[in-house]
Amino acid sequence: MRKGCYGYPDTRVNMPPKNIQKKGGKLSKAQKAKQQQEEEERRLREEEEAQIKAKREKQERLERKRKEEVERLELKDLERREEELNELHHLLEENNTAVTKWKTKAVESAKWERSIRCDGLPNPYIQRDINTFMSLWRDDSEVNITPVLQQCNPAVQLVDELEELLRDATDPKEGQKYEESLISLQELIHSKQRLAIEEILKRANKNIDIETDNMQTVIKDDNITLCLWANLKKNPSFKGFNFKEVGFSFKLPEELAKSNIAVQILHTRYDYLSSLVRRIHLQTQAPMNRSFAGAENVLEKTDQPEQTKKDRGRKNATSLKSEEGRVGQIQTQMELLGGRDLIDPPEEPIVSKPVTQVVDLMQYTPLGGVFYYDVFHLPPQAYYARGWEIQQLLRTGLQSYCYPTEKSELDGNEALPCSPVGVSVTLPDSVVFLETPQVARWDAAGKQWRMDGITDVSFDEAEAKISFSMDSFQAFVLMQETYANLPFKSWELRPLGQDSALYTINGALMDLSITIQENKCMLQSEQKRGLSHLIGKWMSGPALQRAMLNAGINIFVNEYTDKYVSNCAKDPLTEHAAYEQMALFSSACAFSWSKWNAKCGAEQLVLQVCEHHGPSPVPKDSWSLYLLGAQKSRKLEMTETSEAFSPDHYPGSEFHSTFIHMLQDTMSPDGIARSRKCHHLFVDTVQSLLCATRPLMFS
């Protein structure tokens with residue numbers, strides 16, 4: 001017994017712990033449950049830690065194994081790199097040599113055929129023949145409209161030939177020769193047309209309409225539509241006239257209804273004014289080094305923020321800034337034609353002026369030709385006296401009527417601005433407007449198109465008719481944003497057979513497809529209006545491209561496109577190499593866009609590929625993803641529906657220095673044989689089409 005204080009025994013009783021019942025030393029149920037819970041938690045924790053450790057060790061082993069496998073594949077790729085590159089170079093060089101020989105022979109053949117053609121037109125290659133043609137036509141006194149238009153038609157054809165020669169000319173002296181002939185011939189065509197119009201107006205009183213007591217007439221041929229109206233009655237309540245047969249009409253202000261005038265709406269299906277603007281631009285801009293399809297040019301991005309229009313990502317780049325101090329300075333139409341000296345700034349302070357909307361012909365494209373909307377002094381009318389026809393002749397020729405005048409007098413003392421003149425035209429049936437057309441008027445003094453001074457614009461989509469007012473009578477054009485159909489939503493290139501393929505593009509506003517058969521192309525589209533002259537017609541790739549541009553269907557890019565359209569900004573050399581190799585295998589493999597192309601960075605490309613034979617569509621589960629870089633290509637483990645981008649290669653696949661050797665790993669012997677038998681003209685046509693549209697950059 002323990003002793004307590006002062007030596008007395010400790011009589012205190014040791015009480016059991018709280019909540020513990022003393023029954024043979026056993027734990028309570030609550031204690032047992034708690035102890036079991038702690039033991040279970042400890043066990044689960046140990047198991048979880050063991051699993052994490054095992055998983056980490058497994059991942060480390062897999063990562064080591066993956067790195068070892070990648071190193072092995074890279075070493076293997078390095079060992080055969082020179083061989084693969086040499087083989088690719090040989091294939092490309094072989095095709096390029098064959099194409100060059102074919103094109104050289106084709107040019108020589110075209111020159112020979114042109115020289116022996118007996119169609120009354122001079123040979124555009126021979127300056128003397130062109131000068132003789134123009135001299136004889138200039139001296140021809142014919143002024144009746146029908147024979148004059150018959151003479152104009154071959155001259156217009158000759159202009160087209162000269163424009164093509166000028167476009168392809170490499171010798172500056174030769175190009176200058178073509179340009180001089182071109183300008184002289186265009187001026188002569190316009191002069192002849194004006195003389196014929198004057199002749200009609202001289203005898204307006206011989207063709208008076210009994211319903212209106214005025215003269216109105218419509219004359220059409222393949223190249224022009226001419227609407228003329230002569231104000232013979234001078235009715236002050238006259239408002240305007242509608243040429244119903246062609247869908248043109250005009251409105252006159254009251255001050256002109258009583259004037260001795262004639263109104264003209266002359267629609268030429270060709271556009272020599274825009275050609276003039278472009279030539280001025282080319283002559284004014286400094287030389288620049290151009291690389292593949294517009295990459296690495298010297299234009300700098302505008303400081304203005306980007307705009308989104310109908311979710312197509314186009315940029316607001318009406319004015320572009322060139323880098324200060326750069327020698328190869330490129331100027332936009334606004335800078336070139338706005339009358340500003342960009343090299344030597346004026347010494348006087350710059351005074352703020354109203355913004356003039358000068359059209360940038362890189363951003364906008366005129367479509368459907370030019371409408372010359374003019375008002376003339378009505379020439380003296382012929383009359384008969386004593387059996388003689390008497391006609392007063394004016395040496396000045398057909399004179400334009402000055403409108404608006406400087407002041408319009410009201411009650412002799414108050415000056416009011418002149419009323420605007422109205423005009424309405426039906427859209428040309430040879431072009432497609434993907435959006436509501438823009439209207440631009442011709443500034444003759446500045447030799448430029450402008451969008452200011454045009455009011456009350458209305459567009460009737462059902463009737464395809466646009467109406468508006470202007471301060472004066474001026475030539476005008478209908479315009480569309482050049483890159484309205486960019487960027488692409490998707491694209492696909494699939495084989496239809498040997499040396500045949502279908503290139504499908506889903507654009508921002510319009511879908512289309514191009515069938516390729518050797519060196520010929522054919523356009524297909526659900527859009528029929530404006531394309532009847534193109535759809536289903538076989539033509540060369542360059543010819544189809546020009547025809548599509550003229551019709552308002554632009555899927556093509558140039559060195560300025562990325563200033564107006566958002567894109568993936570890919571390395572141009574890697575991109576070009578991809579198009580070269582896609583073309584080599586386009587008879588055996590299908591290629592398609594991938595959403596991951598925009599996620600993999602500028603130095604790499606991602607696209608879907610599969611071997612495909614025959615004209616049937618590609619099954620959705622047949623596609624595989626491939627990653628292309630400057631040094632090597634690989635097949636990816638991920639798919640188009642993966643949650644995130646991963647560059648991991650497909651298990652069991654290898655790396656290759658070229659795309660075609662990467663594809664060959666999974667291709668059948670028949671597919672490889674098909675690719676090796678591709679005709680050089682087919683390969684060149686496919687490659688040219690891909691390079692012109694750059695689907696890997698704009699999708």
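How do strand 4 and strand 13 pair, and over how many bridges? They pair in the antiparallel sense, over three bridges. Before we go on, a word about what you're looking at: this is a predicted model, in which local features need pLDDT of at least 70, side-chain atom pairs count only at pLDDT 80 or more, and totals for chains, interfaces and linings use all residues. Residues are numbered from 1 along each chain as its sequence is written, and side-chain values use heavy atoms, with hydrogens and water left out.

Helices (H or I, at least four residues) and strands (E, at least two) are DSSP runs, numbered from the N terminus. Two strands pair if DSSP finds at least two bridges between them. Strands of a sheet pair through backbone hydrogen bonds, either parallel or antiparallel.

Back to strand 4, then. Strand 4 (residues 248-251) is also joined to strand 3 (residues 240-243), by four bridges, and these two run antiparallel. Together they form a hairpin with four residues between them, and Gly247 in the turn has a positive phi of about 75°. Find Lys251 in strand 4: Gly240 stands opposite it, and its bridge partner in strand 13 is Gly422.

Strand 13 (residues 421-426) also holds Ser424. Ser424 counts as buried because its relative accessibility is 6% (buried means under 20% relative accessible area, exposed over 50%, partly exposed in between, with a 1.4 Å probe and protein chains only). Not counting residues up to four places away in sequence, Ser424 touches Gly247, Phe248, Ser249, Lys465, Ile466 and Ser467, where contact means heavy atoms within 4.5 Å. The side chains of Ser424 and Ser467 are joined by a polar contact of 2.9 Å. A polar contact is a pair of N or O atoms within 3.5 Å; within protein, one must be able to donate a hydrogen and the other to accept it, and residues adjacent in sequence count only if both atoms are side-chain atoms.

Next, look for an open sheet of seven strands, with the order 1-2-5-8-18-14-15 and antiparallel pairing. Strand 1 (215-220) and strand 15 (448-450) stand at the edges with a single partner strand each, so one side of each has no neighbour in the sheet. From one strand to the next, the twist averages 25°. Inside the order, strand 5 (residues 261-268) and strand 8 (residues 364-377) pair over eight bridges, and Val263 stands opposite Val375 in strand 8. Helix 4 (residues 172-202) packs on this sheet, touching strand 1, strand 2 (224-230), strand 5 and strand 8, and its direction makes about 35° with that of strand 2. Axes are lines fitted to C-alpha atoms, for helices over the stretch in contact, and angles run from 0 to 180 degrees between N-to-C directions.

Helices pack on each other, too. Helix 9 (residues 572-584) and helix 12 (residues 680-693) pack at an angle of about 145°, with their axes 8 Å apart. The contact includes His576 and Tyr579 of helix 9 and Val683 and Leu690 of helix 12.

Last stop: Gln498, in the loop between strand 19 (490-497) and strand 20 (500-506). Gln498 is partly exposed because its relative accessible area is 29%. Ser587 is 89 residues away along the chain, yet the two C-alpha atoms are separated by 5.3 Å. The side chain of Gln498 also reaches the backbone oxygen of Arg674 at 3.2 Å.
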